[in-house]
Amino acid sequence: FIISGLKQGWAFAWRSLISGEMLFVSLGLGQLLMLGRDLNDMSQVIAVMILIIIVGFIADIVFFRGAERWIQRRWGFSAAS
């Protein structure tokens, strides 16, 4: 339960970060996304969207799955089938 709450919180924070970058034009993925939109460069927009998805998957695999396995081993829970 703890890990699912952390995953959900991280997902909200990640989306908020990208949205903030889109609104306040700072250096980041949100700014690149808006720049591609403004220039009608769909290849840039799609590439940034894919990069955002990849970062999300990497965070899930590296941090959350490892933490979930550690908690399962620590507390003797079996993996859900």
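In which sense, left-handed or right-handed, does helix 1 pass helix 3? The legends below take up this crossing and further close-up views of a predicted model, for which local features need pLDDT of at least 70, side-chain atom pairs count only at pLDDT 80 or more, and totals for chains, interfaces and linings use all residues. Residues are numbered from 1 along each chain as its sequence is written, and side-chain values use heavy atoms, with hydrogens and water left out.

**View 1. The crossing of helix 1 and helix 3.** Helix 1 passes helix 3 in a right-handed crossing, where right-handed means that the near helix is turned clockwise from the far one by less than a right angle, and left-handed that it is turned anticlockwise. Helices here are DSSP runs of H or I with at least four residues, numbered from the N terminus. The axes of the two helices come within 11 Å and cross at roughly 160 degrees; axes are lines fitted to C-alpha atoms, for helices over the stretch in contact, and angles run from 0 to 180 degrees between N-to-C directions. Helix 1 and helix 3 are therefore roughly antiparallel to each other, a term for angles over 145 degrees, while those under 35 count as roughly parallel, 65 to 115 as roughly perpendicular and the rest as oblique. Contact, meaning heavy atoms within 4.5 Å, is made by Ile 3, Leu 6, Lys 7, Trp 10, Trp 14 and Ile 18 of helix 1, and on helix 3 by residues including Ile 52, Val 55, Gly 56, Ala 59, Asp 60 and Phe 64. The residues of this contact divide into 11 nonpolar, one polar and three charged, with Ala, Val, Leu, Ile, Met, Phe, Trp, Tyr, Cys and Pro counted as nonpolar, Asp, Glu, Lys and Arg as charged, and the others, Gly among them, as polar.

View 2. Asp 60 lies in helix 3 and, at 16% relative accessibility, counts as buried, where buried means under 20% relative accessible area, exposed over 50% and partly exposed in between (1.4 Å probe, protein chains only). When residues up to four places away in sequence are not counted, Asp 60 touches Lys 7 and Arg 65. Ala 59, which also has its place in helix 3, counts as buried at 17% relative accessibility. Leaving aside neighbours within four places in sequence, Ala 59 is in contact with Trp 10 and Phe 64, and its C-alpha atom is 9.9 Å in space from that of Ala 11, although 48 residues separate Ala 59 and Ala 11 in sequence.

**View 3. Helix 1 and its buried residues.** The 23 residues of helix 1 (residues 2–24) should span 33 Å at 1.5 Å a residue, and the end C-alpha atoms are 32 Å apart, which agrees; the expected span is 1.5 Å times one less than the number of residues. Ile 3, Trp 14, Ile 18 and Glu 21 are buried in helix 1, and what covers these buried residues includes helix 2 and helix 3.

**View 4. Helix 1 against helix 2.** These helices pack at an angle of about 50 degrees, with their axes 7 Å apart, and helix 1 and helix 2 are therefore oblique to each other. Helix 1 passes helix 2 in a right-handed crossing. Trp 14, Ile 18, Glu 21 and Met 22 in helix 1 meet Leu 29, Gly 30, Gln 31, Leu 33 and Met 34 in helix 2, and the residues of this contact divide into six nonpolar, two polar and one charged.

View 5. Helix 2 (residues 29–38) and helix 3 (residues 42–75) pack at an angle of about 155 degrees, with their axes 8 Å apart, which makes helix 2 roughly antiparallel to helix 3. Helix 2 passes helix 3 in a left-handed crossing. Leu 33 lies in helix 2 and counts as buried at 14% relative accessibility; apart from neighbours within four places in sequence, Leu 33 is in contact with Met 22, Val 45, Val 48 and Met 49.

**View 6. Asn 40 in a loop.** Asn 40 lies in the loop between helix 2 and helix 3 and, at 67% relative accessibility, counts as exposed. Most residues other than glycine have a negative phi. Asn 40 has a positive phi of about 55 degrees although it is not a glycine.
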